[in-house]
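Morning, everyone. Please look at the screen while I walk you through this one.

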Amino acid sequence: MMIIGAMSCFSRVIPGFIIGLCVLYQCSAFEVDTNQTAWLFVNASEASGRKIPETLFGVFFEEINHAGAGGLWAELVSNRGFEAGGPNTPSNIDPWSIIGNESSLVVSTDRSSCFDRNKVALRMDVLCDRDGSNVCPDGGVGVYNPGFWGMNVEQGKKYKVVLYIRSLQSVNISISLTGSSGLQMLATANIIAADVSNWTKTEILLEAKETNHNARLQLTTSRRGVVWFDQVSAMPLDTYKGHGFREDLSTMLADLKPRFIRFPGGCFVEGEWLRNAFRWKETIGPWEERPGHFGDVWMYWTDEGLGYFEFLQLAEDLGAAPVWVFNNGISHNDQVDTSSIVPFLQEILDSLEFAKGAPDSAWGSVRTAMGHPEPFDLRYVAVGNEDCGKKNYRGNYLRFYDAIRHAYPDIKFISNCDGSTQQLDHPAHFYDYHIYSDANTVFSLAHKFDHSSRSGPKAFVSEYAVTGKDAGTGSLLAALAEAGFLIGLERNSDVVEMASYAPLFVNANDRRWNPDAIVFNSYQLYGTPSFWMQRFFSESSGGTLLNSTLQANSSSSLIASAIAWKNSEDNKNYLRIKIVNFGSNIVNLKISINGMEQNTFQSLGSTKTVLTSSNLMDENSFKEPNKVSPIKSLLENAGVNVEDVLSPHSFTSFDLPIESRTLWIPRTDSNSKSSI
């Protein structure tokens, strides 16, 4: 991520100026002076239509704000392999904590694990017993893990606990899900084994008898001896499409109908130093054998349960094209000279074989062993993230381009360099454009691509958002400015191929960046106004852009577009007109649709959807998750002429069902359905 201009992705956002005193004092959005009138002319004839790219609107996932670890990835245990304190011992086992005191047990770490790539294991010396001179307290002694700010355990749901155990004595270990104090027993089972002298994998299925959103996992015993634990996992059985993703967060992603997913970053790909960059080979294979790594940009540990394979799987589950952002030998603070880039180059060629190779190829066979013999449909790669201008970027880029193009001629390349104002000096299919700024600036950039060259690489606006005081932690003002910007991208979709908001997720307990599209904790979630804004565009990808002209006595605060799309749910064709009123005046809107007859509009089913609120800085929250969200109503007497009133500071969508034979629509998409 980066602020517009030369600032780096991890800099603090410098607030832009605020739109007028109304924003500064958070006055009502409806304190208006005079009404305005605007006319929107839409040409719905076949000659007017232009195909919108199938991939125009998607999502960008970065491991930031605990978006994946403790978020989208449903693993409940934090630091499950005890590696977060580093590879050496003694190690910090945080957030694991001890149940008992030094007279009853001693907990330490050693390098005795059976996993070569993550050798640290937890050693528990139990000094008490069921009887004798040192009797264990009721409930036993041991360790517990609170997860990521509490585990969400729900009554009647099942949770799979997997752990590795070793002891020279027989063991009787209680595996329990409890409340945060350990007093409320939600589910429990015992591991009773006479011989675990070698590392032994144990799986237990726990069914919760009560609900607690701030639960923890406990491993306890009342038997004297030494016990080792490693790779302790707890996952709900109920995950998105059975692939390990948190159901509610994944469903919100699916509601956006993203046509692509860019992953895994962002700055997370680069690292502050190359030693902490994302390395895909360490994120595949059995989860127990993944070493994990410390993300030194956003400053937290990830166990890599959500790895390269899982990202490809998620893209497939969402029906989205994967966009693989790989490290090109450059971090924030160090970089590899082009003359030494071959090992990095081979690393990425291997990653493409893993995704696209035959089931019996060297890396395709690894994918097959993970349960996916068919290749993934990977067609887009981004060579680095925000690295243009760094000393070795151009040289490294060209080496990657030549090698990948030779091996995989179907791959399309995304350059980090901005080609919106001048031609790139290297070959690329797309150039990356990022914009983080104040609301006025973002809204004005609706016209950014109006005069861009119509030849050469197309734009991938992979990170955009209003930031700073205008945005708060997700304001209506930010969403309206972004909506205007996206309408501009839609209207320029002959040169803009893809666009995605950033960041996508934030765990409310670990805000590293504001604002974000989706906010969550262990059990709650809500979309910010920017999330709801994006849903207005979920039908645009692959639709038909219609020529439209807006006239107003003061039109600088208005922007509109018109598209045609087909809803496979009701098998109807629709005309969708979107318009942002970024100003503080009520607007009397008159829409005139040319190229169609009045009787081509169906008599029922026209709707109007509005995103607005009483205050420009209104936000959603766990307490009021839908304070700023779209409100849909029926639109009466819709036809070739529509008259309506636009509220100040609002985003409005009109959906008009039309006879299919009357409008040219170049696609029918089985995944397309009404979202708002």
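I will take the sheet, then the disulfides, then a helix, then the pocket.

A word on the source: this is a predicted model, where local features need pLDDT of at least 70, side-chain atom pairs count only at pLDDT 80 or more, and totals for chains, interfaces and linings use all residues. Residues are numbered from 1 along each chain as its sequence is written, and side-chain values use heavy atoms, with hydrogens and water left out.

Five strands form an open sheet in the order 5-6-14-9-12, with antiparallel pairing. Strands here are DSSP runs of E, at least two residues, and helices are runs of H or I, at least four residues, both numbered from the N terminus. Two strands pair if DSSP finds at least two bridges between them. Which strands stand at the edges? Strand 5 (105-110) and strand 12 (196-207) do, each with a single partner strand, so one side of each is left without a neighbour in the sheet. From one strand to the next, the twist averages 30 degrees. For that angle, axes are lines fitted to C-alpha atoms, and angles run from 0 to 180 degrees between N-to-C directions.

Now look inside the sheet. Strand 6 (residues 121-126) and strand 14 (residues 225-236) run antiparallel and are joined by five bridges. Aspartate 125 stands opposite valine 226 in strand 14.

Leucine 127 is found in the loop between strand 6 and strand 7 (141-145). Leucine 127 counts as partly exposed because its relative accessibility is 30%. The scale is this: buried means under 20% relative accessible area, exposed over 50%, partly exposed in between, with a 1.4 Å probe and protein chains only. Leucine 127 and leucine 105 are 22 residues apart in sequence, yet 5.1 Å apart in space, C-alpha to C-alpha.

Next, the disulfides. How many does the structure hold? There are two, counting pairs of cysteine sulfur atoms within 2.5 Å.

One joins cysteine 128 to cysteine 136, S to S 2.0 Å. The torsion about its S-S bond is about 95 degrees, so this disulfide is right-handed. Cysteine 128 is buried at 0% relative accessibility, and cysteine 136 is buried at 8%.

The other joins cysteine 388 to cysteine 417, S to S 2.0 Å. Its torsion is about 100 degrees, so it is right-handed. This pair links distant parts of the chain, 29 residues apart. Cysteine 388 lies in the loop between strand 21 (380-383) and helix 7 (393-407), and cysteine 417 in the loop between strand 22 (412-415) and strand 23 (430-437). Cysteine 388 is partly exposed at 37%, whereas cysteine 417 is buried at 9%.

On to helix 4. Is helix 4 mostly covered or mostly open? Mostly covered: ten of the eleven residues in 308-318 are buried. Among them are Tyr308, Phe309, Phe311 and Leu312. Glycine 319 follows helix 4, with a positive phi near 70 degrees.

Last, the largest pocket. Its lining has 28 residues, and Trp73, Met235, His243, Gly244 and Trp287 lie nearest its centre. Strand 9 (158-167), strand 12, strand 14 and helix 4 each supply at least two lining residues. A pocket, on a 1 Å grid over the protein atoms alone, is an open set of points where a 1.4 Å probe fits, with protein on both sides within 12 Å along at least five of seven lines, and lining residues have an atom within 4 Å of a point.
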